[in-house]
Amino acid sequence: MQDDLISAMTHEVKEEVINNYLYERRLIEEQITYVKELADHAAQLQEMLFKRFARMYNLLPKPEFINEFVFLLGLKEAPFKDRIADDPEYRKDVRFIKVHGLTDRSKFKKLFLESYKRLCTWNNQYLEAYRNLIDECKAVNHNLKKFEDNHDLLTILNFLKGMDLEEITKKHFMGDNFAPEEIASIEKTLRFKPVSIKQFNLIPPPCLPELTDVQNQIKSLANSVYDRCSNKMKTIIK
C-alpha cells in the first residue's frame, strides 16, 4: 500500500511538472504569435514604403536619374529595384500631392520635395517597426532558451508516452495544439525553432537622410529632370 501511495504521489508531482511546463509553453507560443503579428505589421509598412519609392521613381523617368538619386542618398543600390516596373498601380494607395507655384518647374520641384519628405516619413515608420521586430525576436529566443533549460524534455516525453490516450485527452495536457495520436512523434513537435527576422522576408530599412540635409541636392536633381523631361513632368503635375 505504501508503494501505491508513493507511486500515486510521484505521478501527481510529475503531472504538476508537466502542467507547469505546458503553461510556460503556452506563454512562449503567445510571444511567437505576437512576433508574427509584428512581422505582418512591418510587411504592411514595407509595402507602403515601396509605393513611396515607386512614386519617386516615377518622377525620375530615366535610369541615370534614379542612379543619381540613389547616390545622393548615400545608398548602394535602389531600394525595391526589382519591382520598379512591376507595379504601375501603386497610386491607388498613395495620397495625391497637390502643389501650387507660378511655373510648372516650381510646381515640379515642390512635388519632388514633398514626395521625398513623405518617403522619409514612411521609411521612419518602417524602420521603427523593423527594429521592434528584431528586439522581439531576440526576447523570444532568450525566453525560449531559458524555457528549454528549465525543463527536462526527455522526462516529460517519457511520462506522456506512459499515459494512455484516454487519460491524455481527459486531462487536456496538450491543450488545442496537439491531438493524442500525435504523442508518438511528439519529440519534433515539442521543440521550438528560434525565430529570426530573416524568415519574414523583409528588406532592411534604408538609411535615408532627412530632407533638410539634402534639400539643395534634391532641388538640383529636380531641375535636371525637368530640363530633360519637361513634357512628361507637366502631365504629372497637372
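Analyst: In this predicted model, a polar atom of the S115 side chain lies 2.8 Å from the backbone oxygen of L111. S115 itself is found in helix α3, which covers residues 104–150. Is S115 buried or exposed? Its relative accessibility is 0%, and S115 therefore counts as buried, the limit being under 20%. Which residues does S115 touch, once those up to four places away in sequence are set aside? They are R55, M56, L59 and I97.

C207, by contrast, has a relative accessible area of 65%, so it is exposed, the limit being over 50%. The number of disulfides in the model is zero, where a pair of cysteine sulfur atoms would have to lie within 2.5 Å.

Attention may now turn to empty space. Rolling a probe the size of a water molecule over the atoms shows where such space is left. The second largest pocket holds about 210 Å³ of space. One part of its lining consists of L75, K76, E77, A78, P79, F80, K81 and D82. I203, P204, P205 and P206 also line this pocket. By class, the lining has eight nonpolar residues and four charged ones, with no polar residues.

Notes: Residues numbered from 1 in each chain as written. Predicted model: local features only at pLDDT ≥ 70, side-chain atom pairs only at ≥ 80, totals over all residues. Heavy atoms only, no water. Buried < 20%, exposed > 50% of the residue type's maximum accessible area, 1.4 Å probe, protein only. Helix = DSSP H or I, 4+ residues; strand = E, 2+ residues; numbered from the N terminus. Polar contact = N/O pair within 3.5 Å; in protein donor to acceptor, adjacent residues only side chain to side chain. Contact = heavy atoms within 4.5 Å. 1 Å grid on protein atoms, 1.4 Å probe; cavity = no way out; pocket = protein on both sides within 12 Å on 5 of 7 lines; lining within 4 Å. Points joined across faces, edges and corners; volume = space filled by probe spheres on them. Nonpolar A, V, L, I, M, F, W, Y, C, P; charged D, E, K, R; others polar.
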